[in-house]
Amino acid sequence: MLRISWTEKKSNETVLIEANSRRSLIKTIIKRQATFLGHVMRREKLEHLITIGKLDGKRGRGKQREKPMDGLKRWLGSGSSTETMTAMGHRELWRNMIADASKHGTG
């Protein structure tokens with residue numbers, strides 16, 4: 001087991017290299033988010049409308065916030081929202097897209 005004193009000034013990257021380890025938590029989080037979003041999009045209820053941003057009302061001031069679909073498209077390497085939405089509707093296709101993205105280490 002690798003022990004590091006609290007007084008040592010080491011970056012996280014240095015510690016990961018010394019421990020011969022890689023970051024895996026981010027990949028797990030994104031994979032679970034993608035799985036959940038696929039579930040929500042197949043239900044087509046209120047959560048679906050919120051996710052795709054089809055609610056009435058005014059947008060707040062300031063920089064436009066990133067939608068969950070934007071980050072998901074970036075992680076999957078998908079070009080269009082239509083392609084992503086179509087894949088979400090087909091459970092097996094969606095699972096394959098998530099598996100491919102998680103194998104290739106994007107994100």
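Setting aside neighbours within four places in sequence, Val 15 is in contact (heavy atoms within 4.5 Å) with Leu 2, Ile 4 and Lys 10. Val 15 and Leu 2 sit 13 residues apart in sequence, and their C-alpha atoms are 8.8 Å apart in space. Val 15 belongs to helix H1 and comes out as partly exposed, at a relative accessible area of 22%. The cut-offs here are under 20% relative accessible area for buried and over 50% for exposed, with partly exposed in between (1.4 Å probe, protein chains only).

A word on the ground rules. The model is a predicted one, where local features need pLDDT of at least 70 and side-chain atom pairs count only at pLDDT 80 or more, while totals for chains, interfaces and linings use all residues. Residues are numbered from 1 along each chain as its sequence is written, and side-chain values use heavy atoms, leaving out hydrogens and water.

As for the overall layout, the chain has six helices and zero strands, giving the pattern α-α-α-α-α-α along the sequence. Helices (H or I, at least four residues) and strands (E, at least two) are DSSP runs, numbered from the N terminus. Of the 107 residues in the chain, 21% are buried. Among contacts with a separation of 6 or more, 44% come from residues 24 or more positions apart.

Between helix H1 (12-18) and H2 lies a loop that holds Asn 20. Asn 20 has a positive phi, near 50 degrees, despite being a residue other than glycine, and it is exposed, with a relative accessible area of 73%.

H2 itself passes a simple length check: at 1.5 Å a residue, its 19 residues should span 27 Å, and the end C-alpha atoms are 28 Å apart, which agrees. The expected span is 1.5 Å times one less than the number of residues. Buried positions in H2 are Ile 30, Ala 34, Leu 37, Gly 38, Val 40 and Met 41. They cover an arc of only 165 degrees around the axis, which puts them on the same side of H2; the arc is that of the directions from the helix axis to the C-beta atoms. On the other side of H2, Leu 25, Arg 32 and Phe 36 are exposed.

How do the two helices meet, and at what angle do the axes of H2 and H5 cross? The axes come within 8 Å and cross at roughly 80 degrees, with axes being lines fitted to C-alpha atoms, for helices over the stretch in contact, and angles running from 0 to 180 degrees between N-to-C directions. H2 and H5 are therefore roughly perpendicular to each other, a label for angles of 65 to 115 degrees, with under 35 counting as roughly parallel, over 145 as roughly antiparallel and the rest as oblique. Leu 37, Gly 38, Met 41 and Arg 42 of H2 make the contact with Met 85, Met 88 and Gly 89 of H5.

Then there is the largest nonpolar core, with 14 residues, of which Ala 34, Leu 72, Trp 75, Leu 76, Met 88 and Trp 94 touch the most other members. Helices H2 (25-43), H4 (68-76), H5 (81-89) and H6 (91-104) each supply at least two residues of this core. A nonpolar core is a set of buried Ala, Val, Leu, Ile, Met, Phe, Trp, Tyr and Cys residues joined through side-chain atoms within 4.5 Å.
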